[in-house]
Amino acid sequence: MNTATTTPIERNAAIPTWFGAGGTADALARPTCIDEIARLVRTHETVRILGDGANLLVDDDGIDGLVVSLENCNTIERVDETTLRIGAGVNLPKLIIETVKLGLGGLEGLGGIPATVGGAIAMNAGGAYGEIASCVHTVRVVRMDGEVHTINRDAIDFGYRRSGLRDVVIAEADLVFTQGDPAALRDRLKEVMAYKKRTQPMADNSAGCAFKNPTVNGERTSAGALIDRSGCKGLRHGSAVVSDKHANFILIDQGGKARDAIELMDIVKQRVHESHGVAIEREVVIWRRGQ
Ligand SMILES: Cc1cc2nc3c(=O)[nH]c(=O)nc-3n(C[C@H](O)[C@H](O)[C@H](O)COP(=O)(O)OP(=O)(O)OC[C@H]3O[C@@H](n4cnc5c(N)ncnc54)[C@H](O)[C@@H]3O)c2cc1C
């Protein structure tokens with residue numbers, strides 16, 4: 001990564017999210033290197049990290065503190081034949097295409113998941129075809145006191161849609177791949193993408209699955225199926241609606257309000273609890289002032 005320069009702080013800056021709704025950041029910085037990330041976290045009391053905004057809903061009133069976007073921390077270095085050192089801001093879908101072309105297998109099962117590499121590691125992004133944890137070798141993080149640490153994979157408590165990495169900025173990661181045939185990897189990627197397009201409303205404004213799949217009687221159960229069976233498919237609240245195609249997707253109309261989606265998630269959660277006695281947990285991260 002580059003050597004430190006002083007990153008400008010933008011005021012009232014837009015926060016691009018896949019919901020296409022929500023307020024602005026009182027302050028936003030786009031550091032280009034790890035030293036600058038460390039300086040920013042040391043000098044600001046409240047720091048929130050923005051990846052690609054694909055799992056994020058910002059309240060309409062916007063957000064206080066400093067938002068740190070890692071979009072400029074986007075270098076890729078080859079460590080050895082099968083290991084890449086990847087900046088947290090690297091776009092995951094583009095990385096998947098690049099690694100598939102190089103015949104490096106491991107990420108093709110994550111086709112169609114919008115994310116930065118840092119955001120994907122933070123949430124342990126994945127699905128039926130795999131999760132990013134299986135490629136992680138080490139993660140370089142900046143703690144909130146500005147200390148930089150390298151954490152090995154086996155010290156990270158990856159689980160379903162979580163990394164256990166709390167109160168740190170994921171700055172870069174070494175990902176390990178297996179050598180494969182580019183044509184076979186490309187076919188696999190196409191298959192995964194086709195499945196996602198067929199089953200999910202990929203073109204609408206959402207953050208993917210709004211809720212995590214809960215464990216019911218010891219088994220991981222589809223939150224979408226529970227929401228559907230609670231009669232919520234197509235349920236509308238102001239500018240937000242439960243998708244007809246996939247009940248775990250909450251969509252916001254063009255020009256709609258984040259608050260409508262936040263309230264709709266509460267309504268859905270309550271209905272699922274009333275009809276099935278299951279407490280579903282939000283997967284979408286919500287940023288609100290003062291929290
Ligand atoms: C159409 C669509 C389909 C989707 N399908 C899937 C799917 O199949 N599987 C799946 O798992 N997800 C899916 N998602 C959700 C989303 O793609 C993932 O959760 C992804 O990991 C979010 O990454 P991001 O960079 O956008 O993070 P953001 O949304 O920007 O941030 C999410 C959280 O991670 C934190 N964070 C981000 N970057 C860092 C960092 N560098 N260091 C520390 N914390 C960080 C943020 O502070 C926030 O708390 C989908 C979303 C959409 C819109």
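Let me start with a term: a residue is buried if 20 or more other C-beta atoms, placed from the backbone, lie within 10 Å of its own, exposed if 12 or fewer, and partly exposed in between. Keep that in mind for the whole talk.

Now, what you are looking at. This is a predicted model, where local features need pLDDT of at least 70, side-chain atom pairs count only at pLDDT 80 or more, and totals for chains, interfaces and linings use all residues. Residues are numbered from 1 along each chain as its sequence is written.

First, the domains. The bounds come from an automatic or database domain assignment. That assignment gives domain 1 (9-69), domain 2 (76-198) and domain 3 (215-287). Taken over C-alpha atoms, the centres of domain 2 and domain 3 are 27 Å apart.

Next, the ligand. Where does it lie? Domain 1 and domain 2 both give residues to the shell around the ligand, so it lies between them. There are 32 residues around the ligand, and Gly51, Asn55, Gly118, Gly119 and Gly208 come nearest. Here a residue is near if its C-beta atom, placed from the backbone, lies within 6 Å of the molecule.

By type, the shell has 19 nonpolar, 10 polar and three charged residues. Ala, Val, Leu, Ile, Met, Phe, Trp, Tyr, Cys and Pro count as nonpolar; Asp, Glu, Lys and Arg count as charged; the others, Gly among them, count as polar.

Which elements build the shell? β3 (47-50), α3 (117-123), β9 (126-127) and β13 (168-176) supply at least two residues each. α3 gives the most, with five. A word on those labels: helices (H or I, at least four residues) and strands (E, at least two) are DSSP runs, numbered from the N terminus.

On to a hairpin. β11 (residues 136-143) and β12 (residues 148-152) pair in the antiparallel sense over five bridges. Pairing requires that DSSP finds at least two bridges between two strands. Thr138 has Asn152 of β12 as its bridge partner. Four residues sit between the two strands, and Gly146 in the turn has a positive phi of about 90°.

In α1 (residues 34-43), the buried residues are Ile34, Glu36, Ile37, Ala38, Leu40 and Val41. They pack against β2 (25-29), β3, β5 (63-69), β11, β12 and β13.

Now the core. A nonpolar core is a set of buried Ala, Val, Leu, Ile, Met, Phe, Trp, Tyr and Cys residues joined through C-beta atoms within 7 Å. The largest one has 82 residues, and Val68, Val169, Ile170 and Ala261 have the most contacts inside it. Helix α6 (residues 258-276) brings the largest share of this core, seven residues.

Contact means C-beta atoms, placed from the backbone, within 7 Å. Beyond four places in sequence, Ile170 touches residues including Ala88, Gly118 and Val139.

His276 also lies in α6. It is partly exposed, because it has 17 C-beta neighbours inside 10 Å. Its contacts, leaving aside neighbours within four places in sequence, are Leu226 and Ser230. Ser230 is 46 residues away along the chain, with 7.7 Å between the C-alpha atoms.

Most residues other than glycine have a negative phi. Asn124 has a positive one, near 45°. Asn217 has a positive phi too, about 50°.

Buried or exposed: which is Asn124? Asn124 counts as buried, because it has 21 C-beta neighbours inside 10 Å. Its place is the loop between α3 and β9. Asn217 sits in the loop between β15 (215-216) and β16 (219-220). With 5 other C-beta atoms within 10 Å, Asn217 is exposed.

Notes: Two residues are in contact if their C-beta atoms, placed from the backbone, lie within 7 Å.
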